[in-house]
Amino acid sequence: MTQDTPLERSAAKFESAQADEVHHEGGFRPTFDIDLTRGGPRYGEFIEEVRTFMDRVKAACPSEELTTEVIDALQVLNKKLDEVAIDEWRAPSGGRIDLPARGNITLPPYELDEASPENVSARMTFRPYHLGGNNAAHGGQVAVAFDDLMGMAGALGSGGVTRTAYLTVNYRAITPLNTELAIRSWVDRIEGRKVFIKATLHNGDVLCAEADGLFIKLKPGQP
């Protein structure tokens, strides 16, 4: 890569700040182990094909013959993937910070514009897989998106790994599918290990949803 992404730059600062922490088995890693080669150069394409498959399954009404064909194909693929399964710390999913949503298929895909202790902002698109009803994103998917980016803001803003204590989402307008949306999160205040975070989701000038939450900065070795 010729230019670092916003998260790569912040991850390097985060790792430097955590250099004196000791890793304890059973707890979060105190540092980012950035390796953009995991999964190979086509891992991003692989994740995109999986996302597309999830979109297609959401909308499909297959025949019995097609259902059987897909099941047989999936069983073969699942067996192959099971043979290369590794632990969460080394798996590329969720750790490929050069890819949309870090290559994590459980998240709506997003591209970061800024990732700093002061602000996390991104462009996010909810796809057909995230459908709730009537061409709107499922409210739970909106909450998942907030939780991820608020957790990122909490980690960067506090200089340590955080866990969600509570997350409140207020839905203000329909969140559309297949539309690039602006999502932003930031630390409102820090009280000891308590990190209070706010976030918004906009479709242009329209506020789709907003959230506030409490995240707890973990102690070394705390799960």
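Colleague: Which helix gives the most to the lining of the second largest pocket?

Modeller: H2 does, with six residues. This is a predicted model. Helix H2 spans 43–59, and helix H3 (64–82) also supplies at least two lining residues. The pocket holds about 680 Å³ of space. Of its 21 lining residues, the closest to the centre include Phe46, Val50 and Leu81.

Colleague: What classes of residue make up the lining of the second largest pocket?

Modeller: The lining has 14 nonpolar, three polar and four charged residues.

Colleague: Why is the aromatic pair of tyrosine 43 and phenylalanine 46 called tilted?

Modeller: Their planes stand at 50°. Stacked needs under 30 degrees and edge-to-face over 60, so the rest is tilted. The centres are 5.7 Å apart, and the cut-off for a pair is 6.5 Å. The structure holds one aromatic pair.

Colleague: How are tyrosine 43 and phenylalanine 46 placed in helix H2?

Modeller: They are three residues apart, so about one helical turn separates them.

Colleague: Why is tyrosine 43 called buried, and phenylalanine 46 partly exposed?

Modeller: Tyrosine 43 has a relative accessible area of 9%. Phenylalanine 46 has 37%.

Colleague: What makes arginine 189 sit over the ring of phenylalanine 196?

Modeller: The charged end is 3.8 Å from the ring centre. The distance limit is 6 Å, with a further limit of 35 degrees from the ring normal. Arginine 184 likewise lies over the face of tryptophan 186, at 4.1 Å from the ring centre.

Technical notes
Residues are numbered from 1 along each chain as its sequence is written. This is a predicted model: local features need pLDDT of at least 70, side-chain atom pairs count only at pLDDT 80 or more; totals for chains, interfaces and linings use all residues. Side-chain values use heavy atoms; hydrogens and water are left out. On a 1 Å grid over the protein atoms alone, a cavity is a set of points where a 1.4 Å probe fits but cannot get out, and a pocket is an open set with protein on both sides within 12 Å along at least five of seven lines; lining residues have an atom within 4 Å of a point. Grid points are joined across faces, edges and corners, and a volume is the space filled by probe spheres set on the points. Helices (H or I, at least four residues) and strands (E, at least two) are DSSP runs, numbered from the N terminus. Ala, Val, Leu, Ile, Met, Phe, Trp, Tyr, Cys and Pro count as nonpolar, Asp, Glu, Lys and Arg as charged, and the others, Gly among them, as polar. Rings of Phe, Tyr and Trp (its six-membered ring) pair if their centres lie within 6.5 Å; planes under 30 degrees apart count as stacked, over 60 as edge-to-face and the rest as tilted. Buried means under 20% relative accessible area, exposed over 50%, partly exposed in between (1.4 Å probe, protein chains only).
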